[in-house]
Amino acid sequence: MGQAKSSVSTDPDQPISSVVSNPYDPPKPSVKPSAPNQGGYTSSLSPPPTSGKSLDPVSPPPASEPSSSTLSGSSTSDPSPPASKQSPSLGLPPQKGNVPFCSVSSNTSSDRVIQNSDDEGEDSDSSLEDLSALLAAKSSEVRAKQAMNGITPSTPSKHPASTVNFHISPLPVLSRYKFDLKSLVSRAEDHEAIEASSKRVKAMMASKDEDEDTDMSDHAAELAKFPHSALLGSVVAGREDLEAYKVTRAIMRTEATATEKRWYFFDTKSNTPKPQRTPFPTKAVPENWKRELVDPKTRYQTFVSGFAENLVSLGMKLPDELFLWMLDEACLETSDPLRTSYLGTMRESTEQIQRLLSPDLVRKVFQRLGGSSAGTEIAQKIVPVSKLSDPYSNRDWAKLLSIINFFGQVSRSLQQISRTAIMCSLLRMSVDQVVYENVDLLDSVQGTVSRLCKHTPEEDWKTFCQEVCKPLFECIEQPTLRLKIVDSISSITPRTHDLRRRLAMCFYFDNISYSKDHSHSKMDLDAFIRRLDDPDFHTNSQTDYRELTALILLLDIAVDDGRSMNLDLSDPVVEKKFDEDIEDFGATIKDIMRSIGNPGAAFISRIEAKEVLELVSQRVSDTLRSKPKPKPKQTWFEKEKPVENLEPERRGMQSFLSRMKEIGSGSNTQNPK
């Protein structure tokens, strides 16, 4: 383009709407800017002088300076009327609605159009005010007006677009913060109050002193007896001090503070000194064994290779000192091949096993394997303690497994008193939960118990059962611990089944007399039903439901199939009476289940007790009867199924089949092969 000459369109027919770009904008009063004249740089957009004379055309600006159209930023497609047609009175107030173009101040700078100076070359006037001063004054006026109306100014768009009026909320938009100073102060005060309340409760529980005579209230004394101070402090924090008593009572009614009781057969102390090894009895070695056993390297090769075991099996006798030394070494030896060789050599010396392996030696063997003095003593009373987190950390059970299996392998050669001692020690060991947590250990215990029962002479079986049941019955009182003993005995063989059932009946009836005779001869269904009426099976707020569950499981084992040697089910009267007793037995168990009610999720032991009661009652009702239950008869409100009359269909099918046979026989006669 050439040099631009800024002017306003002189077309009188130009519509007013084309001049006013935004009719919705409020009209603004005209302000006459006073700016000094900057030489020849003028524009036709400048207001006329105050004298009211017509404006003379100004000369075009130099080519080196920007044109007024660039400064205004408006489009050239919308011409404006010339300055000669404008009203000389620029100070008149604006009119409402669509008004004629009377003042330059009625239009924003973005709506003005600067034409090319080539079109109108004689309309410039050097007396007009500078365009930059006019635009600066107009811009400040617009900003002030928008600030008064609450409108935020924005940068004008290069391309004007149609304006859309949005409904603006009259309420101010305030910034919201997640936390303010008031909330932070309130949180800090609440935290300090909780800490203070928790400290008061802990101090109240710590003030319990048996040697001091204090004036502690009943509530404080109850809190001092509460063993879970950390749990209580976390619950009652932020509450009143008197509410701690109620919270304590509520917690104690639930099972949140219940701790599991355990008993440990082995020593749980980590600082227990390890047993010392016995020196090899060199002086006791006979001449025929010196070449193989005196030198340590030769002795190792003699046992590991099986040469010593072969010599003993061929009749070469071992000295007693060497037998006892090998038994001690088998309890401490960490090498599996060498330990197995010691036990294999002793297994071949049956005469020394019968003579030397006494009950006292059995007790010492278990002590060298880590058993405590209270656990290995058969007559010692078993007292459960609180559960330990890790009682046997990093303990190796390989040596114990080898010795238990060895006792089972030599059970035929043992004395009867030694069998009883080993049986009692293994059953006492089964009270320890570690036996059930280690599958190999449980399998070894059950296998050795079965072999001890198997190799007991028939004439000694009754005495053997009584001697095994008596110390266990007298030393253990809790049903949960008694149940572990019974569960450790398998019911695969007839003898283990008999011993298992005798122990279960002794523990269920709490009577040692049930160990004297065979379980089938002592079976009395009426006695089982009467036992359920004892206080041990009554449920109340003080009932220990874990113990109740153990008693019900002992009942299930003791009742077995419900048969007795004196029961003759071939008699219809006896059979009917037996089935009625079974129904009463199952109904009584269900009554105990209903008395528990509907416990919540906080009472896991009650839920487990209900499940066990339901399962046992179902088994009694379904499996102990002499014949299945009769199906219930249809009642009056049940519709009987109509009997369908299929006689017409049957006759029709027979007629169809006869016709088909006739057709088939006729075709065969007509087409003989």
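Visitor: Why is Asp510 called partly exposed?

Guide: Asp510 has a relative accessible area of 47%. A residue is buried under 20% relative accessible area, exposed over 50%, and partly exposed in between, with a 1.4 Å probe and protein chains only. The 47% of Asp510 falls in between, so the residue is partly exposed. Asp510 is found in the loop between H22 and helix H23 (525–531), and its phi is near 55°, a positive value in a residue other than glycine. Helices (H or I, at least four residues) and strands (E, at least two) are DSSP runs, numbered from the N terminus.

Visitor: On what basis are such values given?

Guide: This is a predicted model, in which local features need pLDDT of at least 70 and side-chain atom pairs count only at pLDDT 80 or more, while totals for chains, interfaces and linings use all residues. Residues are numbered from 1 along each chain as its sequence is written, and side-chain values use heavy atoms, with hydrogens and water left out.

Visitor: What makes Asn394 exposed?

Guide: Asn394 has a relative accessible area of 83%, and it is therefore exposed. This residue is found in the loop between S2 and H16. The phi of Asn394 is near 55°, again a positive value in a residue other than glycine.

Visitor: Why does Arg262 count as buried?

Guide: The relative accessible area of Arg262 is 9%, and for that reason the residue is buried. Arg262 lies in strand S1. Leaving out residues up to four places away in sequence, Arg262 touches Pro384, Val385, Lys387, Gln433, Glu437 and Lys484; contact means heavy atoms within 4.5 Å.

Visitor: How do you know whether Thr588 is buried or exposed?

Guide: Thr588 has 18% relative accessibility, so it counts as buried. Its place is in helix H25 (residues 572–596). Beyond residues up to four places away in sequence, Thr588 touches Ile529 and Leu532.

Visitor: What is the class of Arg347 by relative accessible area?

Guide: Arg347 has a relative accessible area of 30%, so it is partly exposed. It belongs to helix H12 (residues 336–347). Its contacts, apart from neighbours within four places in sequence, are Glu309, Ile353, Phe406, Gln409 and Val410. The C-alpha atoms of Arg347 and Gln409 are separated by 7.6 Å, although the two residues are 62 apart along the chain.

Visitor: Why is the pair of Tyr264 and Tyr392 called edge-to-face?

Guide: The structure holds 19 aromatic pairs. In this one, the ring centres of Tyr264 and Tyr392 are 6.0 Å apart and the planes stand at 85°, so the pair is edge-to-face. Rings of Phe, Tyr and Trp (its six-membered ring) pair if their centres lie within 6.5 Å; planes under 30 degrees apart count as stacked, over 60 as edge-to-face and the rest as tilted. The pair links distant parts of the chain, 128 residues apart: Tyr264 is in the loop between strand S1 (261–262) and helix H8 (287–293), and Tyr392 is in the loop between strand S2 (385–386) and helix H16 (398–409). Tyr264 counts as buried at 11% relative accessibility, and Tyr392 counts as buried at 11%. Both belong to one aromatic cluster, whose members include Trp263, Phe366 and Trp397.

Visitor: What makes H21 roughly antiparallel to H22?

Guide: Two packed helices are described by the angle between their axes and the distance between the axes. The axes of helix H21 (residues 479–487) and helix H22 (residues 494–509) come within 9 Å and cross at roughly 170°. Angles under 35 degrees count as roughly parallel, over 145 as roughly antiparallel, 65 to 115 as roughly perpendicular and the rest as oblique. H21 is therefore roughly antiparallel to H22. Axes are lines fitted to C-alpha atoms, for helices over the stretch in contact, and angles run from 0 to 180 degrees between N-to-C directions. Arg482, Ile485, Val486 and Asp487 in H21 meet Arg500, Leu503, Ala504 and Phe507 in H22.

Visitor: Why are H19 and H22 called roughly perpendicular?

Guide: The axes of helix H19 (residues 439–454) and H22 come within 9 Å and cross at roughly 100°. That angle lies within the range for roughly perpendicular helices, so H19 and H22 are described in this way. Ser450, Cys453 and Lys454 of H19 make the contact with Arg495, Thr496 and Leu499 of H22.
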